[in-house]
Structure formats: C-alpha cells, structure tokens
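Please open the structure in a viewer and keep the selection panel at hand.

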Amino acid sequence: MSEATSSPNAALPNAQERNNAVPGTSVAVRAVALAKGYGGGDRRVEVLRGLDLDVAAGEMLAVVGPSGVGKSTLLHLLGLLDRPDGGSIELFGENVMPWTAEERARFRNRSLGFVFQFHALLPEFTLAENVAMPLLIGGQRRSSAVAEARELLVAVGLAARAEHFPDQLSGGEQQRGAVARALVGSPRLLLADEPTGNLDAANAEALFELVQTLHLSRGLTSVIVTHNEALAGRCDRVLRLTGAADG
Amino acid sequence: MSVLHLLAGRYLLGLRRRTHVAAVSAISFGAMALGAAALVITLALLEGFQATIRAQLERTGVHAVLRPRSGRSLPGGDWLAALRKKHPDLQVRALTSSAVWCLAGDAATPATLELADTLSRVEVNRVLAARLGIGSGSSLTVASPVLALTPLGPMPTRRRLAVGAVRDVGPGEDGATVWVPSGLGAGLVIAGGPQTVELRAPAPEQAWDVASRVHSDVPDGVDVVSFRDLNRPLLAALQLERAMIGVGVALVIVVAALNLLCNLALLAAEKRADVALLAALGLPPERVRSLFLGLGIGVGALGGVLGTAFGGSVAYLLDRTHALPLPRGVFVVAHVPFRVTASAMALALAVSLISALLASLVPARAAARRDILEGLRYE
C-alpha cells in the first residue's frame with residue numbers, strides 16, 4: 001500500500017523542484033488536506049492523504065512521480081471529475097465542494113480544459129467538430145463554434161486537417177487537436193494528464209512546446225501530469241509525489 | 001441543431017466504419033416498424049370482420065324492442081298508434097308470438113310463430129326454410145297449441161299458409177321463425193294483446209339510435225330494449241376478441257422494445273469512453289440521459305410511425321383490391337375485409353412510443369450515472 005505525499009509540505013516545492021517562483025499573486029487552485037482512497041475494507045488503498053497545494057494564477061505546474069502515486073487522481077480531483085474523500089478544493093476563489101453534478105459540469109465546460117492521454121477525440125466527428133465540442137455542449141451555435149475551432153486549429157498548425165476524422169490523423173496530430181479542444185472557449189485552467197505519453201520523443205517535444213506557447217499567450221494556469229522529467233523541468237514548478245509505506 | 005441531435009445523428013449514421021451501431025439501430029427500428037405494422041393490420045382485419053358482422057346485424061336484425069316490464073302482454077291504449085304517428089319513418093311491428101309446429105311434405109320442425117300487425121304476407125327465416133326445404137311460393141302448415149273443438153275431440157289448430165318471402169338470419173340466429181299477418185294468423189295464438197313491438201329504422205346505420213328516439217314515447221310498464229342491449233352478448237364477445245388479439249399482437253412491439261433496450265445498452269457500453277469524454281468536457285448527466293432517451297425514443301417513434309403508415313397502407317390496399325378472396329356461400333363477404341381506423345393507428349403509435357420510452361429509460365439512466373473516470377479508463 002502506498003500513500004501520496006510530496007515534500008514535507010505539499011503546497012511548497014520540494015528540494016528537487018527547479019522553479020520556486022510563483023508568477024502570479026493570486027491563487028488559482030487551492031487544495032487543503034486533500035484525501036482520496038479506493039476500495040473498501042482490507043483492500044482500501046489511500047492514494048492521497050492530507051495533500052495541500054496552491055497553484056498561482058498563470059503558473060505552469062508539472063506533477064511527477066511513479067505510477068500509482070496519485071498524479072492522475074490529483075488531476076481528476078482538481079478537474080472536478082471526482083470527489084475527494086476529505087479536504088477541500090477552491091478553484092479561482094470558489095469552494096467547489098458543495099457543487100452539484102450539474103454545477104461541476106457547467107464549470108468544467110466554461111473554465112477547465114482537459115487533455116487526456118487516451119480518448120483524445122470522438123471518432124464520429126471531424127477534427128473541427130471535435131475542437132468545437134465544448135462550445136457545442138455550452139450551447140453555442142454550430143457554425144460559430146466550428147469557426148472558432150478553426151481559428152484554434154490554425155494556432156496549433158492543423159488548419160489543413162480540419163475536415164479530417166480522427167482515424168485519418170497521426171497520434172501527434174490527434175493530441176494537438178486535443179490541445180486545441182482544451183483551449184477552445186478560453187478556459188482559465190488547463191489540466192493535462194500524460195499528454196505526451198503516447199507520442200514519440202519528437203512529437204512529445206513539439207506538443208509540449210505548443211502547450212507552453214499557448215499557456216503563455218493565453219495567460220493560462222496549467223497543471224500537467226507527466227512521466228517525462230525533462231519536460232517537467234521546463235515548467236514553472238514541479239510537484240513531486242512519492243509513494244511511501246503505510247503507517 | 002443541439003449537440004444532442006448532432007451526437008445522436010452521428011451515432012445512428014455509423015460514420016467512419018462504425019456501421020455496427022447503425023446496423024443494430026436499423027434492426028431495432030425495423031423491429032418496431034414491423035410490430036406497429038402487425039398491430040395495425042391485425043386491428044384492421046378484426047375491425048373489417050366485425051364491421052361486416054355489425055352491418056349484417058343492422059341490416060337483418062331488429063333495431064329496438066318494446067316489451068312489457070311484467071305480465072305477458074303490453075298495456076293497452078292508443079300509445080302504439082301515437083308512436084307510429086310521431087315516428088312515421090320507423091317500421092313499428094306489434095307481435096304476438098307462440099311456439100308452433102311447422103310442417104311441409106314429410107318434414108316437421110318446431111318454430112316460433114310471430115303475428116305481426118303490419119305484415120302483408122307470410123315470411124319465414126332461412127333456418128325454417130332450410131329445415132322444411134321450402135322457399136318463396138311454397139306452402140307450409142302451422143300447427144298451434146291453441147285447441148279447436150272438433151267432432152273427434154279437441155285438436156290443435158292447423159292452418160295452411162303460402163310463404164311470401166324468406167328472410168336472412170342475423171349472426172348467431174339459429175331458431176326457426178315464421179311471421180304471419182295478424183288477420184291471417186288469428187286463432188293460432190292465445191287471445192290477448194301484442195307481447196312485443198319491434199322497431200326498425202329505414203337506414204341500417206340508424207339502428208343504434210332508435211331506442212333513444214322512442215324512449216319518452218312509451219307508457220310506464222313498457223321497457224325499451226336498445227339495439228345494443230339486444231345484441232350485447234355478441235357485441236361484448238366481438239369487443240373481447242378485439243382486445244385480446246390486440247394485446248397479443250401488441251406484444252410484438254414489446255418484444256421489439258426489449259430488443260431496443262438491449263441495443264441501447266450495447267450502444268451505451270460501446271460509447272462509454274466517448275460519453276465520459278463528453279461529460280469531462282461539461283455535458284451534464286441530465287443531458288447524457290436525454291441523449292440516450294432521445295436515441296431510443298427516436299428509433300422507436302420513427303419505427304412506430306413508419307410501421308403504422310406501412311401497416312395502414314397494406315390493409316387499405318388489401319381491402320380495396322379484394323386481394324384475399326373468401327369462398328362464396330361460406331362467409332357473408334366475398335373477400336377478407338380490412339378497415340383501417342384512426343383509433344387503431346393511434347393505438348399502434350402510442351404502444352410504440354410508450355414501449356420505446358420505457359425501453360430507453362434503463363440504459364439512459366445507466367449511461368447518465370456511469371462514473372466519468374471509469375469511462376475514461378475504459379478501452
């Protein structure tokens with residue numbers, strides 16, 4: 001059994017973190033005493049236990065650590081895809097804990113952008129439609145949503161692929177499309193779970209550069225889970241989660 | 001177009017070689033359409049036969065009967081004349097009946113004798129004609145239980161009569177009857193006033209209203225038996241037959257709806273990763289439920305509408321073209337009759353829609369309740 005920990009104070013960068021600077025003055029993400037476990041009884045596994053975390057507005061935070069340590073769990077909790085067993089989360093000053101499923105869905109649609117390692121795009125839709133999907137879910141008209149999506153596809157270098165379906169795109173193109181989708185509608189927080197996990201080194205480098213560029217140009221707050229230490233080192237700060245023996 | 005319409009449309013179209021979703025949707029659609037068509041055609045067939053039976057009842061039967069509430073004879077007075085005067089279009093026939101024996105040649109059969117005051121000739125029904133082997137122009141002898149004193153002692157009163165016409169029998173009528181004008185049949189029945197009055201409207205379709213028309217024109221002590229009450233057992237049997245067969249055939253739609261449920265559950269399982277991604281992007285659970293409900297109801301409703309239209313068209317064409325002949329002399333009609341009614345079509349549509357709705361509820365709820373992370377982890 002392992003527990004999720006970082007440095008003595010998870011809210012602060014540990015000794016291995018390269019960048020201690022906090023670019024913004026306001027806190028975009030605040031997690032206090034965050035706890036999450038899976039299973040029950042003797043098989044219960046506590047993945048996160050008492051994690052405190054602040055992410056400043058405009059900061060790019062990398063979350064690294066071995067498999068099973070709780071990186072993705074942390075991301076899912078911050079992305080309102082799951083509820084913690086204990087502790088609290090504030091996003092942009094709002095306590096999200098009492099929110100209903102509808103309110104959480106609305107917040108995800110308007111303020112969060114996700115990039116996942118798998119299931120980047122919906123297979124029945126063109127790339128432009130995939131990128132426009134958050135806007136369509138938000139109730140925007142299809143024509144204007146797709147037009148907005150096309151602008152983002154230009155920014156990620158996929159303008160020529162707008163009418164292609166996912167199975168006509170390479171893995172790198174699919175992930176760039178997923179980044180475009182994550183940024184459509186101008187979310188405030190970008191959450192990426194192993195966005196380069198399925199890509200070769202060159203494509204991973206290109207994708208990370210793209211994310212970094214968009215992060216800066218759009219004034220985003222970003223939390224990126226990765227196994228890639230080199231890429232993590234290029235973020236503003238690195239949060240290292242470590243496994244430890246229970247007890 | 002909302003995102004739900006867009007999603008449903010793409011799933012049903014089966015783009016990008018994902019034709020199995022479109023295929024199972026087409027199977028569900030076809031099953032619902034076939035069920036609805038079967039129900040409409042069956043109800044049209046039943047209605048066709050039953051309308052034929054009702055029309056024959058209206059054409060050959062009595063439309064209303066006046067009979068004494070107690071006692072053997074109707075009350076006296078001039079109310080019957082007043083009734084005839086007030087309703088000149090109605091055929092009003094006062095009857096006095098008696099059990100008699102009818103004889104012709106070597107044949108003899110018990111029968112009911114009806115003395116009718118408005119009749120001008122002797123008439124027999126087809127049952128009596130068949131039993132005695134007689135027809136219009138033949139003669140028969142009626143032997144009445146009214147005794148006549150003869151030199152040999154009391155003997156049944158006998159009278160030889162010429163048959164003027166043979167009447168058709170109504171559905172289920174199997175008794176032999178002879179109708180004799182009152183003047184001609186005097187002495188064949190025990191003296192007394194008429195026992196019943198039969199009423200007929202000039203047009204068969206008016207049969208159902210005759211009782212209500214005359215209800216206020218009869219004195220106390222006289223019951224008015226309507227056309228519906230006269231034929232209540234048969235009409236109730238027809239209605240029960242229609243209901244039971246209708247329910248039986250409607251089960252085809254229920255089976256089709258179960259197929260729809262299975263296919264929706266499969267679709268929800270197949271698309272669980274996509275649905276989880278959509279939920280992560282902000283599609284609320286309520287709209288996930290709406291998506292699958294819409295898919296189910298859409299397939300069911302479309303199948304129901306097209307099946308109903310198809311079934312109605314087939315039944316209409318079969319009736320119009322007399323495509324299914326029946327042996328002459330065995331049935332009262334020469335071809336299998338179909339009668340498409342708005343109520344049958346509305347019933348098929350309603351059963352399709354309700355079945356599709358109920359079948360969609362479970363998979364839609366399951367899809368909406370599914371954990372997002374579980375879906376994102378699913379491959």
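Select Ala62(A): its bridge partner in β8(A) is Ile224(A). The model is a predicted one, in which local features need pLDDT of at least 70 and side-chain atom pairs count only at pLDDT 80 or more, whereas totals for chains, interfaces and linings use all residues. Residues are numbered from 1 along each chain as its sequence is written, and chains are lettered from A and ligands numbered from 1 in the order in which they are written.

Strands pair here if DSSP finds at least two bridges between them; strands (E, at least two residues) and helices (H or I, at least four) are DSSP runs, numbered from the N terminus.

Now show the whole sheet, an open one of 5 strands with parallel pairing, in the order β6-β7-β8-β3-β9 of chain A. At its edges, β6 (112-115) and β9 (237-240) of chain A each pair on one side only. From one strand to the next, the twist averages 15°.

Contact requires C-beta atoms, placed from the backbone, within 7 Å.

**Second stop: an antiparallel sheet in chain A**

Select β2, β1, β4 and β5 of chain A, which form in that order an open sheet of 4 strands with antiparallel pairing. The edge strands are β2 (45-56) and β5 (94-95) of chain A. Strand β1 (residues 27-38) of chain A joins β2(A) over 8 bridges, and Val27(A) stands opposite Ala56(A) in β2(A). Helix α1 (residues 71-78) of chain A packs on the sheet, touching β1, β2 and β4 (86-91) of chain A, at about 125° to the direction of β1(A).

**Third stop: where the chains meet**

Display both chains: the contact takes 24 residues from chain B and 25 residues from chain A. On the side of chain B that touches chain A, α1 (3-13), α9 (272-280), α10 (285-320) and α12 (372-377) of chain B each supply at least two residues. The largest share, 6 residues, comes from α9(B).

Which residues have the most contacts inside the largest nonpolar core? They are Val63(A), Met32(B) and Val40(B), in a core of 130 residues. Such a core is a set of buried Ala, Val, Leu, Ile, Met, Phe, Trp, Tyr and Cys residues joined through C-beta atoms within 7 Å; buried means that 20 or more other C-beta atoms lie within 10 Å of the residue's own. Helix α2 (residues 19-60) of chain B gives the most to this core, with 15 residues. Centre on Val40(B), whose contacts include Thr308(B), Gly311(B), Val340(B) and Ala348(B). A second, separate core of 39 residues includes Leu161(B) and Trp179(B).

**Last stop: the domains of chain B**

Colour domain 1 (3-57 + 234-377) and domain 2 (64-227) of chain B separately; these bounds come from an automatic or database domain assignment. Their C-alpha centres lie 54 Å apart. The contact takes 5 residues from domain 1 of chain B and 4 residues from domain 2 of chain B. On the domain 1 side, α2(B) gives the most, with 4 residues.

How values were computed: Buried ≥ 20, exposed ≤ 12 C-beta atoms within 10 Å, placed from the backbone. Contact = placed C-beta atoms within 7 Å. Axes fitted to C-alpha atoms, helices over the stretch in contact; angles between N-to-C directions. Lists of a residue's contacts leave out its neighbours within four places in sequence.
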